[in-house]
Amino acid sequence: MRRTYHPPDYRFLGAVLVLLFFGIVILTSASSVVALQKFDDSYFFVKRQLLFGVLPGIVAMYIFAKLDYHVMKKLSFIIFVGVIGLLLLPFIPGIGTSLGTAAKSWIAIGAYSLQPAEFAKLGIIIFLAAYMSQIGSKIRNIKEGFLVALGLGMVPICLVILQPDIGTVSILFAVLYAMLFFGQAKYRHLLLLALAGVILFFVMIWAAPYRTARFTTFLHPELDPLGQGYHINQAFLAIGSGGFFGRGLGHSLQKFAYLPEVHADSIYAVMAEELGFLVALAFLFLLLYIAFRGFVIAKHAPDSFGKLLVSGIIAWFMIQSFLNIGAMVGLLPLTGVPLPFVSHGGTALMVALAGVGIVVNVSKQTST
């Protein structure tokens with residue numbers, strides 16, 4: 001197939017860069033108090049975000065925007081094996097660490113730590129896009145296509161379940177489901193998979209008492225406001241006290257040791273408190289605009305691999321964003337999922353920007 005190249009979708013790229021800049025501003029404000037308390041430096045988390053997230057992420061985005069995305073199709077199996085290898089590292093004594101969380105999902109290399117599951121999010125999209133574009137309509141055959149794709153996608157998910165990290169499992173499973181949907185699997189197969197996913201979710205909750213407590217708190221946050229319900233109630237207080245116009249940038253009260261994880265999964269609540277309902281709503285519209293531009297790019301991609309690749313990446317961004325925001329406003333249980341491009345996390349931001357580079361790359365190509 002002969003391909004021609006044209007300028008990338010600058011509207012998509014511009015919207016992502018606006019989101020990235022806005023995220024740095026919000027992180028600077030939200031993390032200042034906890035950074036000063038823990039590290040005697042108000043800008044500690046922002047410096048790490050710039051050094052380990054933005055800088056390598058921009059480089060990765062540039063490389064993937066320049067490198068023909070078809071190369072990834074040829075390397076998809078190697079990428080998949082690499083993802084499996086990375087997900088096995090947290091189980092190795094001396095390398096894997098929990099960093100104070102319930103899940104042993106990190107690996108430590110000297111003073112630097114990273115979460116292999118972040119690479120799995122992009123890796124599983126690349127591999128499944130390559131595989132499903134290769135088998136084509138066979139995905140509609142439950143034995144020859146659907147179950148094989150599902151089984152391959154479940155390999156990294158099962159490794160994350162063993163860590164265990166229910167938040168990342170939710171994202172990976174939702175991304176896998178989205179890939180099967182975009183690959184045009186039969187609706188009845190997708191329905192059965194959705195039911196299996198719900199059963200798996202409740203099994204994981206039942207298997208750990210702290211998850212059961214979290215889910216009970218989600219249903220009745222008012223029952224234990226100083227215990228299991230503390231986090232969500234403080235988030236409600238932050239969002240509610242922001243009103244329409246907010247307290248003003250930098251003037252959050254909840255970030256003063258009241259709201260947990262203000263630099264990570266609670267950052268949307270701080271945003272709403274400081275900038276108000278209108279900006280928090282505008283943030284949602286920015287996410288939807290990015291999704292819209294992304295799916296337009298997917299629609300006009302020159303081949304099925306490009307369509308699946310872009311659709312999967314956009315689905316990942318939106319699924320993770322709305323899992324985070326949904327938890328903060330009480331629509332979903334708390335799972336500790338960070339907000340893409342906004343929450344602190346160098347590895348997550350670097351991989352997300354690499355994904356943006358891939359979308360930009362596809363947007364430059366048309367088939368003739």
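Colleague: How many aromatic pairs does the count come to?

Modeller: This is a predicted model, where local features need pLDDT of at least 70, side-chain atom pairs count only at pLDDT 80 or more, and totals for chains, interfaces and linings use all residues. Residues are numbered from 1 along each chain as its sequence is written, and side-chain values use heavy atoms, without hydrogens and water. Rings of Phe, Tyr and Trp (its six-membered ring) pair if their centres lie within 6.5 Å; planes under 30 degrees apart are stacked, over 60 edge-to-face and the rest tilted. By this rule the count comes to 14 aromatic pairs.

Colleague: Are the rings of Phe 127 and Tyr 131 stacked or edge-to-face?

Modeller: The centres of the rings of Phe 127 and Tyr 131 are 6.5 Å apart. Their planes stand at 15 degrees, so the pair is stacked.

Colleague: In which helix do Phe 127 and Tyr 131 lie?

Modeller: Phe 127 and Tyr 131 are 4 residues apart, which is about one helical turn. Helices (H or I, at least four residues) and strands (E, at least two) are DSSP runs, numbered from the N terminus. The helix that holds both Phe 127 and Tyr 131 is H6.

Colleague: Are Phe 127 and Tyr 131 buried or exposed?

Modeller: Buried means under 20% relative accessible area, exposed over 50%, and partly exposed in between (1.4 Å probe, protein chains only). On this scale, Phe 127 and Tyr 131 are both buried.

Colleague: Are the rings of Phe 244 and Phe 277 stacked or edge-to-face?

Modeller: Between the ring centres of Phe 244 and Phe 277 there are 5.5 Å. The planes of these rings make 75 degrees, so the pair is edge-to-face.

Colleague: How many residues apart in sequence are the parts that Phe 244 and Phe 277 tie together?

Modeller: Phe 244 belongs to the loop between H11 and H12, whereas Phe 277 belongs to helix H12 itself. The pair therefore ties together parts of the chain whose separation in sequence is 33 residues.

Colleague: What is the relative accessibility of Phe 277?

Modeller: The two partners fall into separate classes: Phe 244 counts as exposed because its relative accessibility is 53%. Phe 277 counts as partly exposed, its relative accessibility being 43%.

Colleague: Which residues do ring pairs link into a cluster?

Modeller: Ring pairs can join several residues into a group, and one such cluster is found here. The residues linked in this cluster are Phe 22, Tyr 268 and Phe 283.

Colleague: How many salt bridges does the count come to?

Modeller: A salt bridge is a side-chain nitrogen of Lys or Arg within 4 Å of a carboxyl oxygen of Asp or Glu. By this rule the count comes to 5 salt bridges.

Colleague: How many residues apart are Asp 9 and Arg 293?

Modeller: The side chains of Asp 9 and Arg 293 form a salt bridge, with 2.7 Å from N to O. Asp 9 is in the loop between strand E1 (3-5) and helix H1 (10-30), and Arg 293 is in helix H12 (residues 267-299). The pair links distant parts of the chain, at a separation of 284 residues.

Colleague: Which helix holds both Lys 121 and Glu 118?

Modeller: Lys 121 forms a salt bridge with Glu 118, and their closest N and O atoms are 3.1 Å apart. Both residues are buried. They lie 3 residues apart, about one turn of the helix, and that helix is H6 (residues 116-135).

Colleague: What is the relative accessibility of Glu 274?

Modeller: Lys 255 and Glu 274 meet through their side chains in a salt bridge of 3.2 Å, N to O. Lys 255 lies in the loop between helix H11 (230-242) and H12, and Glu 274 in helix H12, so the pair ties together parts that are 19 residues apart in sequence. Lys 255 counts as buried at 4% relative accessibility. Glu 274 also counts as buried, and its relative accessibility is 1%.

Colleague: What distance separates the C-alpha atoms of Val 329 and Ile 232?

Modeller: Val 329 sits in the loop between H13 and helix H14 (346-363). With a relative accessible area of 37%, Val 329 is partly exposed. Ile 232 is 97 residues away along the chain, yet the C-alpha atoms of Val 329 and Ile 232 are separated by 8.2 Å.

Colleague: What percentage of the residues of the chain count as buried?

Modeller: The chain has 14 helices and 5 strands. Its C-alpha atoms fill a box of roughly 60 × 45 × 40 Å along the principal axes. Of its 368 residues, the share that counts as buried is 52%.
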